[in-house]
There are 2 protein chains.
Amino acid sequence: MKKMRMQKSPVYLNLEDYEMTGEPIINQVRRLQDISGIFKNEQAFKEIDQEQLAYTVQAWMPVPEKTPGGLFFGVSTIYPGKVGNEYFMTKGHFHSELDRAEFYWGIQGRGALILMDHNRRVWAEEVYPGSLHYIGGHIAHRLANTGEKNLIVGACWPSDAGHNYEEIAINGFSGRLVEQDGEPVLIETF
Amino acid sequence: MKKMRMQKSPVYLNLEDYEMTGEPIINQVRRLQDISGIFKNEQAFKEIDQEQLAYTVQAWMPVPEKTPGGLFFGVSTIYPGKVGNEYFMTKGHFHSELDRAEFYWGIQGRGALILMDHNRRVWAEEVYPGSLHYIGGHIAHRLANTGEKNLIVGACWPSDAGHNYEEIAINGFSGRLVEQDGEPVLIETF
């Protein structure tokens, strides 16, 4: 009768700020220079320090991408700021495997999850600590920070989802989240 | 140019205790009488109030079970207690679609994630606030509470994973998590 001690999982998640530590964690950094072209006001964009952090992503990907049935776990941090009246945001993407879903949940800060279906219908959900968001298949998604502090969002998605950034890079979303009278408003742009 | 307000997600997650509120949330309750047969010491089991709560599961299942590409989000609460020297635990299962993975992460309390592969090799990972656990495909999993307070664990899994409880109901796990000298120890049983 063999006795065994419990093992430790290789990854630890700080529940306050969702910083992930352990191995193997992937760290992505996106500065403003990495996301040129997604904001409407190109002049305002040029006037901002291009080295400024726009967002970071940490992820634990325990199996290779495209593994059927697997899952990835991640944390996105979107920094506060605006380009003209448009809030800092992520590039946004559809999944390459179009029917793959994703969960997001707000940890810190305030923001918006901007969603668009394949008919280019656009809408947005408010993101705040404890808001839980189901992003169904065939829905493009991007996060915007509408607050003064970092927006931190947890995420879980299938390892065979993939990212299709191209469609958004070419056609954008059909709405922009801008500040009007101090409030975030989603403006349909088609 | 249409202006839109942001919507609220239908589900809110209390980040302190992971209580989920909103619609539609599924609530499952398992009392001791619902999990008879999983503990070794049958005499000790009979002496405990059968109405006592063993564990509860809350889940947001935004799409029907078996939907390809979808995801579910849930919270398991395992109550503290022992049957003889064996800790209160969940029934445990493989996924019906064997290759489907799952993430668990500890929120409150202390416990163990007991894991077994298809060759009946068994091991356990320590669960505590912030511990993040990847349960790969083909791995049976169950949670046990080794502490004095509720063990609360977050979870995300594919909507087409399904639950195969039968194999565990018939053959059990090849290890039992028991208290020895005040410490949890996994005893291989084959």
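Good morning. I begin with a pairing inside chain A: strands β5(A) and β6 (residues 71–78) of chain A run antiparallel and are joined by six bridges. Strands here are DSSP runs of E with at least two residues, helices are runs of H or I with at least four, and both are numbered from the N terminus. Two strands pair if DSSP finds at least two bridges between them.

Before I go on, a word on the source. This is a predicted model, in which local features need pLDDT of at least 70 and side-chain atom pairs count only at pLDDT 80 or more, while totals for chains, interfaces and linings use all residues. Residues are numbered from 1 along each chain as its sequence is written, and chains are lettered from A and ligands numbered from 1 in the order in which they are written.

Let me return to β5(A). Across to β6(A), the bridge partner of T56(A) is T77(A). Strand β5, residues 53–60 of chain A, also pairs with β4, residues 25–31 of chain A, in the antiparallel sense and over seven bridges. There, N27(A) has Q58(A) of β5(A) as its bridge partner.

P24(A) sits in the loop between β3 (20–22) and β4 of chain A, and the peptide bond that joins E23(A) to P24(A) is cis, with omega about -10°. In chain B, the bond from E23(B) to P24(B) is cis as well, with omega near -10°; P24(B) lies in the loop between β3 (20–22) and β4 (25–31) of chain B.

I turn next to an open sheet. In chain A, three strands take the order β11-β10-β13, with antiparallel pairing. Its edge strands, each pairing on one side only, are β11 (122–127) and β13 (140–145) of chain A. On average, neighbouring strands of this sheet are turned by 25° against each other, direction ignored; the axes are lines fitted to C-alpha atoms, for helices over the stretch in contact, and angles run from 0 to 180 degrees between N-to-C directions. Between β10 (residues 111–116) of chain A and β11(A) there are six bridges, and M116(A) stands opposite V122(A). Chain B has an open sheet of three strands in the order β11-β10-β13. In chain B, β10 (residues 111–116) pairs with β11(B) over six bridges in the antiparallel sense, and A112(B) has E126(B) as its bridge partner.

How do the two chains relate to each other? Chain B can be laid on chain A with an RMSD of 0.0 Å, by a turn of 180° and a shift of 0.0 Å along the axis. That is the relation of a two-fold axis. The superposition is by least squares on the C-alpha atoms of residues with pLDDT of at least 70 in both copies. Which residue of chain B comes closest to the rotation axis? It is C156(B), whose C-alpha lies at 3.5 Å.

Now to the interface itself. In all, 48 residues of chain B are in contact with 49 residues of chain A, contact meaning that the C-beta atoms, placed from the backbone, lie within 7 Å. Several strands of chain B each supply at least two residues of the side that touches chain A, among them β2 (11–13), β12 (131–135) and β14 (151–158). The largest share, five residues, comes from β16(B). By class, this side has 28 nonpolar, ten polar and ten charged residues. Ala, Val, Leu, Ile, Met, Phe, Trp, Tyr, Cys and Pro count as nonpolar, Asp, Glu, Lys and Arg as charged, and the others, Gly among them, as polar.

Strands also pair between the chains. β2 (residues 11–13) of chain A and β12(B) are antiparallel, over two bridges, and V11(A) has L132(B) as its bridge partner.

D181(A) is exposed, because 5 other C-beta atoms lie within 10 Å. The cut-offs are 20 or more other C-beta atoms within 10 Å for buried, 12 or fewer for exposed, and partly exposed in between, with C-beta atoms placed from the backbone.

K66(B), in the loop between β5 (53–60) and β6 of chain B, likewise has a positive phi, near 75°. With 13 C-beta neighbours inside 10 Å, K66(B) is partly exposed.

Finally, K82(B) belongs to strand β7 (residues 82–83) of chain B. K82(B) counts as partly exposed because there are 17 C-beta neighbours inside 10 Å. Leaving aside residues up to four places away in sequence, K82(B) touches Y87(B), F88(B) and E179(B).

How values were computed: Contact = placed C-beta atoms within 7 Å.
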